[in-house]
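Have the sequence and the 3D view open as you read.

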Amino acid sequence: MVGDDNFEGWTSSSRNGDDETQSLVMNPETQSSPAQENCISLLEIEMRRKLKFFFMNPVEKWQAKRRFPYKFLVQVVKIVLVTIQLCLFAHNRYNHVTYTGNNRITFSHLFLKGWDPTREVSSYPPALGPLAIYDKQTFYQTLDYAVVGYANLYNAMGPYSYASEDNHLTPPVLCFFHYKVGDIFPFNESYIFNSDIIESCLNVSITENITDFSSQKYLQMQNYTIAFPALIKADLRFSLKTVNYKNAGPMTPSECYQFDVKIFFDNQNMDGQMLLSLDVFPIRLQCIGDIKYIDGNRLDYILRTILNVLVIIVCAISFVLCSRAIIKAQQLKMETVYFFRECYKKELSVEGRFEFWNLWYIMIIINDMLIIIGSTMKEQIEREQFVGDQWNTCSMFLGTGNLLVWFGVLRYLGFFKTYNVVILTLKKACPQVARFLLCAILIYAGFTFCGWLILGPYHLKFRSLASTSECLFSLINGDDMYATFSIMSFKSPLLWWFSRMYLYSFISLYIYVVLSLFISVIMDAYETIKLYYKEGFPKNDVQMFMASCEEEPSSGVFRTSSYINSSGSIKRTVSKFCCWRKPTLTSFVLGRKKSHPSDCTAI
């Protein structure tokens, strides 16, 4: 137990002035005078008051010293600004991604032979098989269809143009990737193979408005022959420009884009099925626009820039304040460690030292950095040309930062007893949950690898390690159970029966046993917290030391305490300690006696 009783055995010989204090520190077994004992006791009381003031919440600090809760105010302002910024950015990003996706569907209809509207709807299981090419003639016809569609771009419903500044047709680029040598002779089970990959590209010179084109004849004119047994992949590339003014208005400008279109022929599996796909890479361009519209657009530009700058400034202030609070906490920890070592001849416990680490502040610092980076990228996106990946990266920073900002609200709800139960339950259950999850994950990993290996070739949901894990996690939550059982192929009766035993055992183990135990671990922690509220929470040495300070925040002692309100001798002692000049309790008491002589004599 940490308390005033630890000092009852401290005595000294009868001396005057500084010698008396020196004897008090160096000779604890001698008889002390009441004034000397009161001096040590006063320092202990003030240390308790300082620790109690440090661990007060913003409301209590306001009552104690009328200190305005500026960190709390900064967090409230930050939540408002960051949320507004995120809502605006999410709306713009949704329009951007939707517009890009719709253009991808349009290009699929214009340039992909055999494209069907059914493929535009994402369904599970897929209603159609993959779009693929199975013979050489279809390969050339698909190329011809894409080139003719590109040459007749004016027929498209959308406002598309070629990428050149004068809107003249730019020749598309056709590239082939093939092995250096890849001759196969299946009739006698022999082949000639060189694994070096060769890339060959050529410009397809065409004119506008052509209605007929033969890629096979064109390649022959270019003296290029496609070795299909050695062909790995091929792609046709070209670029288009367009303007989107769907959301244009008094405050929102039109958007200009360049779409880099890539038609991809994938033959890497060498299984007679060449997969066909189209992908679009959007690049946002600076619009020249209507001269009359530029002035109106300035309002939107200025408002967005002001919001981004405000968010960056507020997050920077929050970062500085929280960093300062963490540094001051570590300084107070060093001061407390020194106080316990010199006065009580003991080291501060690990739990006591951990009390000075405020994980909420660390989380706030992390979200401040994420939001500052995301806001900077957002400002650059709104000013300059960026490809789609920059939108994704920016959304990751802003989204994660906003998530942590709203998590930080729990810190202030924790000041109220009712809401604090949830936080304390999670904190209490965290070690037990971590140990429990470690065991559950090991069992889960065994089921995942087993299902991937055995059921993968015959079950749609077990084709890859990731999809296997996702399928098993869905089964734990009771999702799509019947489909998982019914999709299993019956080609191998042995594996079909194994799949039944595998799925029944996994579902029974995790739903009826693992989940029940997991809930019981959480409930056990909850019951423990409820018991703590009735009988009291366990205290570490720092909390026990502060427990003797019974002054209420509104009592006024924290406003008049010379130790809390001034840079007293203990602060100077800690400062020396930080500078690697280890002080002794002698200087600790002497400094206090010189700076506040009445404290040691007036009691």
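**Cysteines and a serine**

Cys175 has a relative accessibility of 0%, so Cys175 counts as buried (buried means under 20% relative accessible area, exposed over 50%, and partly exposed in between, with a 1.4 Å probe and protein chains only). This is a predicted model, in which local features need pLDDT of at least 70 and side-chain atom pairs count only at pLDDT 80 or more, while totals for chains, interfaces and linings use all residues. Residues are numbered from 1 along each chain as its sequence is written, and side-chain values use heavy atoms, with hydrogens and water left out.

**The disulfide**

- A disulfide is a covalent bond between the sulfur atoms of two cysteines.
- Counting pairs of cysteine sulfur atoms within 2.5 Å, the model has 1 disulfide.
- Cys175 is joined to Cys201, with an S to S distance of 2.0 Å.
- The link of Cys175 and Cys201 is right-handed, with 115° about the S-S bond.
- Cys175 sits in strand 3 (residues 173-185) and Cys201 in strand 4 (residues 190-203), so the pair ties together parts that are 26 residues apart in sequence. Strands (E, at least two residues) and helices (H or I, at least four) are DSSP runs, numbered from the N terminus.
- Cys201 is partly exposed, at 42% relative accessibility.

- Cys322 is buried, with a relative accessible area of 2%.
- Cys430 is partly exposed, at 48%.

**Ser499**

- Ser499 belongs to helix 15 (residues 493-535).
- Its relative accessible area is 1%, so Ser499 is buried.
- Beyond its neighbours within four places in sequence, Ser499 is in contact with Leu455 and Met488 (contact means heavy atoms within 4.5 Å).
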